[in-house]
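Hello,

Here is the structure I promised to pass on. My notes follow below it.

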Amino acid sequence: MIDQDFLELKKELKQLIIDGLFLEDIEADDLNDDESLFGEGLGLDSLDAVEIVSLLQRNYGIEIKNMEQGKEIFSSINTLAKYVNERKN
Amino acid sequence: MKHKEKKKKKRGNALGIWFFTLFFRVAGLNGAYFLLYLVAFYYLLFDLQSLQFAKVYLTKRFKDLNFFSIKVKSYLLFVQLGKQLIDRYVSLIKPGFFDFELKGADSFSLMCNDSQGFILLTSHVGSWQTAMQGFKDIKKEVYLLKLGEENLSLKDKLKVDPDSAKIKSISPKQFLGGIVEVINVLKKGAIVSMMGDRSYGADCLDVDFFNGEASFPYSAFHIAAVEKCKIVVLTCAKVSSRKYLLNLENSITVEYQGRKNKKEQLRKYLRQYTNILENFLEEYPYQCFIFDNIWKDDKL
């Protein structure tokens with residue numbers, strides 16, 4: 001895995017989330033890679049989770065099927081990018 | 001808000017179904033209904049939990065009811081529910097026994113021929129389970145988002161769980177209440193049938209419904225907005241002893257206006273749905289089988 005590619009993927013995912021969820025007043029660079037996407041971090045909720053699931057399917061053809069898997073994947077941009085990267089390759 | 005499912009008594013058993021079958025075989029549908037009139041009277045006297053649920057609905061729907069009116073109307077509710085369970089069983093052992101008239105069949109056929117999936121919103125008004133039989137012959141795959149029936153007698157005899165290669169089920173007891181799988185099959189062009197008035201523990205919104213605020217789950221509307229798919233609201237009324245009217249005319253298109261206050265934005269679409277239910281129950285007041293207290297201001 002090339003680090004630069006992984007960094008690009010994280011940036012791409014951040015932008016996808018910002019655009020897909022219509023997040024206002026926030027730039028990709030403002031999002032911390034380790035920050036929690038839900039709850040006290042970025043503050044997304046279950047409605048947003050559904051949209052992220054849909055965005056991943058639409059843009060990368062990736063399906064998330066079970067609860068434990070979803071909880072882990074959605075914990076931060078880093079975990080999300082790692083998951084997408086593994087499925088993309 | 002989280003809507004808590006109240007633990008309910010199991011009603012119906014194999015012996016009871018055997019008696020109804022016997023009466024049907026000996027004396028036809030009216031014979032089975034005759035037995036039902038007696039059984040419904042037993043429930044009127046002894047099933048206090050059902051009476052409480054019935055009372056909440058009836059006092060909202062009719063207003064200003066006295067003790068006697070509530071009892072009479074509760075009896076009519078129990079009889080209607082029983083009739084639709086009997087009809088369900090009869091239609092399984094004697095396919096073609098009941099006539100089904102379809103409203104909105106043309107637009108529904110067009111949607112079925114489209115590659116896009118859609119949500120079929122069903123409710124505990126009228127007989128959605130009987131209606132489901134009509135979906136075995138359509139081109140699309142149908143998925144029901146529902147828990148398996150816990151009452152084994154009803155499960156075996158009335159086949160309340162899907163049993164066809166075309167009709168499959170998705171359990172709401174998984175990640176995000178099964179929503180991920182719902183999205184997967186919608187993308188593949190399937191029809192997903194969801195209960196519009198049963199939360200299965202999912203988040204709900206309070207909306208106006210028959211002179212009170214009642215809790216309804218909103219996940220179907222959110223999925224429709226995200227997936228840009230339509231919601232078709234299915235109602236199925238028993239209009240005579242051997243005829244049902246399936247109405248597929250009512251559809252709802254959900255669209256978010258920006259990201260802010262999504263839940264609040266969904267409220268107006270939920271209200272469209274409860275309007276459809278209210279209109280149905282104005283016409284068929286005794287075909288309401290929401291045996292669950294969904295109103296906020298009535299504590300049981």
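**Chain B**

Chain B holds 9 helices and 9 strands. Helices here are DSSP runs (H or I, at least four residues), strands are DSSP runs of E (at least two), and both are numbered from the N terminus.

Before the rest, some conventions. This is a predicted model, where local features need pLDDT of at least 70 and side-chain atom pairs count only at pLDDT 80 or more, while totals for chains, interfaces and linings use all residues. Residues are numbered from 1 along each chain as its sequence is written, chains are lettered from A and ligands numbered from 1 in the order in which they are written, and side-chain values use heavy atoms, with hydrogens and water left out.

Of the 300 residues in chain B, 54% are buried. Buried means under 20% relative accessible area, exposed over 50%, and partly exposed in between (1.4 Å probe, protein chains only). Contacts (heavy atoms within 4.5 Å) with a separation of 6 or more are 74% between residues 24 or more positions apart in chain B. Areas come from the Shrake-Rupley method with a 1.4 Å probe; for residues, only the protein chains shown count as cover.

One residue to look at is B:Ser50. B:Ser50 sits in helix α2 (residues 48–62) of chain B. Its relative accessibility is 7%, so B:Ser50 counts as buried. Beyond neighbours within four places in sequence, B:Ser50 contacts B:Arg11, B:Phe78 and B:Phe291.

**Chain A**

Chain A has 4 helices and 0 strands. The order along the sequence is α-α-α-α. Its radius of gyration is 12 Å, close to the 12 Å from the globule rule for 89 residues, so chain A is as compact as a globular protein of that length. That radius is taken over C-alpha atoms, and the rule is 2.2 Å times the number of residues to the power 0.38.

Buried residues make up 45% of the 89 in chain A. The accessible surface of chain A is about 4900 Å², 45% of it from carbon and sulfur atoms.

Helix α1 (residues 3–20) of chain A has 18 residues and spans 25 Å from first C-alpha to last, close to the expected 26 Å. The expected span is 1.5 Å times one less than the number of residues. Buried residues in α1(A) include A:Phe6, A:Leu9 and A:Leu13. Their cover includes α2 (46–60) and α4 (77–88) of chain A. Just after α1(A), A:Phe22 has a positive phi of about 55°.

Best wishes
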